[in-house]
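Subject: Structure for your files

Hello,

Here is the structure I said I would pass on. My notes on it follow below.

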Amino acid sequence: MSFFSKLKSRLTRSSSRLEEGLEAIVAESAETEAPEAAAPEAPAPAPSAPAEEARKPGFLGRLLGRTGEEAPRRVLDDAMLESLEELLITSDMGVDTALRVTANLAEGRMGRKLSVPEIKALLAAEIARIMEPVARPMPLYAKRPQVVLVVGVNGSGKTTTIGKLASQFRAAGKTVVIAAGDTFRAAAVEQLKVWGERAGVPVLTAPEGSDPASLAFDAMTKAQEDGADLLMIDTAGRLQNRADLMEELAKIVRVIRKKDPDAPHNTLLVLDATTGQNALSQVEIFSKIADVSGLVMTKLDGTAKGGVLVALADKFGLPIHAIGVGEQIDDLAPFDPEEFARALVGVED
Ligand SMILES: Nc1nc2c(ncn2[C@@H]2O[C@H](COP(=O)(O)OP(=O)(O)OP(=O)(O)O)[C@@H](O)[C@H]2O)c(=O)[nH]1
């Protein structure tokens, strides 16, 4: 299965919700000769497979929305635009982004008759345009070790993401060291050790409750001695006491800078896509307490809240380095804006 099909099948909840909404909006005052649109209540007899096939347009036709004469169409007017805005807001895109997307979609098209496939293609193009500038892999520097600080609330998928990234870097021939910086939670340290084993990467730990900055310093020393390419530092995610967490992260940074004034070279914020709009406030909070340089979005599989990525890209413009699409070690993929946009709105292959 191609990655696109995989992502699409995993984003179906988002796309089917959008799709149903779009169909309802167009059907509301559609201008069409299609029998199903004229009598939406009466279940239409299932068309035979060959008839259905015959109506299927080619790839380009579908992308451009030319789906045949019978596709229901609705004139794009203010009322329809408003419905589209509402639909996008309920798809977790947030108000500002939804307004921007619909305004761009409407430009030069008011008064035109649009079908669902056409609207989908336009939405996908607009979303891809917003996402394109943020789709950037994590930059790699010639620095040894390149220090990657990983931040995010507990449960966002930090441990899993560190494991997946470590495995990918190792597969690319890099040597990696992991520091289990959430020293206050024994279970978190144990989890990270398991992921380190899976990825074949050493995990440095410290006694429960000890100073994370001291562990970070030791890890930095080891990574330098070993000539490691990358040092990934896990951190605590307790937002309940923001001042403490801020101080803890600042201390880690101060300490590793004694060894390398440019460290950390990347500060990755791991966000759980299923939290929807909450992800936006997490970016705001973590940007205040750490110098966030990029995002990893986890749990994009099976969430109906993928729209939040569009809001994030539009609002903060932070690079999205990778997306998590499952719990296995290989379930971390580069972020592809076009595939994502098409999967999100349900554009057919
Ligand atoms: N479906 C899915 N689950 C994920 C993904 N990433 C992480 N998870 C799951 O999310 C849960 C939390 O992930 P962790 O990596 O432990 O999260 P954490 O941020 O380290 O959390 P703490 O260990 O509590 O600090 C685990 O059950 C993971 O298997 C993903 O991309 N998709």
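Proline 264 is in the loop that runs between helix H12 (242–259) and strand S7 (266–272). The model is a predicted one, and in it the peptide bond between alanine 263 and proline 264 is cis, with omega about -10°. Another cis bond leads from arginine 144 to proline 145, with omega near -10°. Proline 145 belongs to the loop between helix H8 (116–131) and strand S3 (146–151). For context, most peptide bonds are trans, and most residues other than glycine have a negative phi.

Aspartate 92, not a glycine, has a positive phi of about 70°; its place is in helix H6 (residues 78–93). Aspartate 92 counts as buried because its relative accessibility is 12%, under the 20% cut-off. Lysine 299 also has a positive phi, about 60°, and lies in the loop between strand S8 (294–298) and helix H14 (308–316). With a relative accessible area of 31%, lysine 299 is partly exposed.

Now the ligand. It sits in the second largest pocket and is surrounded by 17 residues, the closest being Gly155, Thr159, Thr160, Asp301 and Glu327. By class, the shell has two nonpolar, nine polar and six charged residues. Helix H9 (residues 158–171) contributes the most to this shell, with four residues.

The protein buries 79% of the 640 Å² that the ligand exposes when taken alone.

Regards

Notes: Residues numbered from 1 in each chain as written. Predicted model: local features only at pLDDT ≥ 70, side-chain atom pairs only at ≥ 80, totals over all residues. Heavy atoms only, no water. Near = heavy atom within 4 Å. Areas by Shrake-Rupley, 256 points an atom, 1.4 Å probe, with all protein chains shown as cover. 1 Å grid on protein atoms, 1.4 Å probe; cavity = no way out; pocket = protein on both sides within 12 Å on 5 of 7 lines; lining within 4 Å. Sits in = over half its atoms within 2 Å of the grid points. Helix = DSSP H or I, 4+ residues; strand = E, 2+ residues; numbered from the N terminus. Nonpolar A, V, L, I, M, F, W, Y, C, P; charged D, E, K, R; others polar. Buried < 20%, exposed > 50% of the residue type's maximum accessible area, 1.4 Å probe, protein only.
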